[in-house]
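Let me put the model up on the screen.

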Amino acid sequence: MDQRPDTIKIGREFLSARLKRGHNQTVNKSGISIRYKILFLLTSIPLLTLAIYLVLAVKIFEDDKIAYVFDSSSSMSGSIAAQMKTQLNSVLSITRPIFQDFLLEQKFTSVGDLIFKNEFNVESISAYTVSSLGDFKEVAVLEKEVGGTSKLTNAFKVLFDDYLKKANKDGRLVAVPFQDDRVFLFEKVSDEKTQRVTIFLVQIKMSELAETFNTVTSRKIYLINSDGTVLFGPEQVSGKKMQSFMKPSFLARSMDKIVQGVEGVRMADGTELLASFSRVGFGDLTVVSSVRKKSALSAVQILIRKSLIFFGILISVTVIVSLFASNGLTQALTDLFIATKKVSEGNFDIRVKVSSRDEVGSLANNFNIMALEVSRLLEQTAEKARMESELQTAKTVQETLFPETLAKIGGLAISGYYEPASECGGDWWHYCQVGSKMFLWIGDATGHGAPAALITSAAKSASTIIETLNVSPAKAMELLNRSIYDVSKGRIMMTFFLASFDFGTGELIYSNASHEAPLVLRKSDIPLTKNDLIPLNEVNNPRLGQSRDSVYQETQMTLGSGDLIFFYTDGVTDIQDPKKKSWGERAFIKALIAASKDNASAAETVAIFTASLQGHRGGATLIDDVTFFVVKNEGLG
Amino acid sequence: MGKFDIKLVKDKDRTTLQLVGVIDEDVDFNKFNLSGYPSLEIDLSLVKGINSCGIREWIKWIRTAGDAPITYVNCAKLIVDQINMVDGFLPATGKVRSFYVPYYSDKNGTEKSILFQYGTEFSENGLRPPDSVLDADGSPMEMDVIEAKYFKFISKK
């Protein structure tokens, strides 16, 4: 009955259980999926690159923008300063003849009045003298509106005196006392002949210029004097000290010779400004231009914003593409992962789909080959286990074919040794008493292993029947031959030697089917030599199983008391040492003579001979089955 | 396998087969059918080994020669052992013309094989071994066989 499927199933279950045990012993560490790792890699690299690019680009763009703002702001303040200087110098160039006329006449003449009236921007011209005590006294006035100058000066009397003092000290002063378009230009003029000092106040209306400073844009323009007072500027700060809302460093350096510059300024509320200044070159006037840094760099913010939007889109596209790409890549790996997991659980029939020709495809293909190979090996292992099991059973059964290795029947002592080259052997020996005779059997089937063992089984079965027939060895051999032939159909043969020993007469009758001739060692008081050994080779016929009709002869001899017969198979002389050197006939004979000397018993002879044999063998593997037994006539013959 | 080979040497009036190697179950004798030869001479000096399966194949093969006389020459000891032991190894039409006899010197452990020729050292009438065989030192050597067993085939023919 074919038990292979069941055996394979058992083998699979066994291996599966082992794998599961190993599987359970291994901690299944689940980390981040390789898909997400690829996704992270594919998105993080462009993200990082773009972020670095953005930082660098923003930095460069910001620096460039600041430089541009500084440059344009500086140009604007310089331009306004130049315009103002031109206008104020123009006023002076117009009014200077009036001053000269006054110094000559100590009053404004009709000439001066004529010039004055032709200048629409000049509202009034007043002349002040300075006493030795430093007091100022208005001594003459030209005005478009009669009494208008006195009204104005009286409106800021204290401040006016300060203006005069400062103009007297510095020689020139520009003031805008009413935070409108009226500009007060104080000019100190000294008469070289009389050493008399006169301070002229020219009241000018500079509407266009005032408008320039009062425009509502992100850029703010201020006209300040040396103490930081804002003369022109946005309405809310005119007349205030610039230091009250911003503190550019150049205010502290009003006396230095730097006529134009730029700097970053922080306002009181923390707002950062980009400021530039340009000295007007007329009096202590300075034009200051400022712009909020945030406003100036609004383009940078736009750049950042748009870049972030672009980056967002790019990253989104990258993520989507990466998802598709990683999905394609990791799907095969996921399939492999699932497949290997199933293998670890004992399912060896799992296969994965090979959908690409790249390394992953090769991996999948190799996995399939490996799984197939594992399945094949598994089946082989199961088959081998089955065969080993069957061989073990056969060995157990075959062991029952052999007799007790030590026996004494009548006066005949028997001792034997058998060792197969593999689980089952092709050698067989046996003894049995039939009436007053002891039958002694030894045979060696062609080859060794299970097929040869089956023939020995057939021989044993046949012998069991033959024993009951009370026939001679030759006849028994013929029956045995037919039995072997019928079983093996000539494919396996067996050398055989069969002898019968008559307890009463000591007569030994034997028949040989091409087996190693047993050796008779006669009882002797002196040591035997090899030529004292008597081979039982007087008759010899074909091997059992060679031909169904083989005829066997027999002959006889007498076995005296103390005589010994050594039966053996050719595996004895062929036994090899670990270096593959055969024991050989010479060593065999020496060992046999040595083992039997001093009238050793059958058991002693076998024991000593076995020791010699194993000594040569040295633990080497047998190349053939080894069988021998000793029969010794101990007295009745 | 390369471990066994048969060389065919045809002379004017005789065919000689020289066998080289180990005769076992792997030997395929079918390539050398012996039928049709009027007589055969088989040189067995270079046979290095033979096992029970090889003997089975040998006997089947040698039977293909039919009734043609077969002569074994230069038989190594292992061949002589088989001739003595296995009925049919030397067919009924066969005879041994020469074979080696191992000699051994107990004194110094040297071995030597002496070729015994039909008509000189042996014949149907019995054995006529050399009076003495000496080793390299001039010491006498003795036959390294059980004579009653090794020369048994001579008396059979």
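In chain B, residues 24 or more positions apart make up 65% of the contacts with a separation of 6 or more; a contact means that the C-beta atoms of two residues, placed from the backbone, lie within 7 Å. This is a predicted model, where local features need pLDDT of at least 70, side-chain atom pairs count only at pLDDT 80 or more, and totals for chains, interfaces and linings use all residues. Residues are numbered from 1 along each chain as its sequence is written, with chains lettered from A and ligands numbered from 1 in the order in which they are written.

Chain B has 4 helices and 11 strands, taken as DSSP runs numbered from the N terminus (helices H or I, at least four residues; strands E, at least two).

Now the sheet in chain A. Its 5 strands run in the order β13-β14-β15-β16-β19, open and antiparallel; strands pair if DSSP finds at least two bridges between them. β13 (427–434) and β19 (555–558) of chain A are the edges, each with a single partner strand, so one side of each has no neighbour in the sheet. Inside this sheet, β14 (residues 437–445) and β15 (residues 494–502) of chain A pair over 9 bridges, in the antiparallel sense. A:A445 sits opposite A:M494 in β15(A).

Last, the interface. Chain A contributes 19 residues and chain B 15 residues. On the side of chain A that touches chain B, β18 (534–535) and α12 (584–596) of chain A each supply at least two residues.
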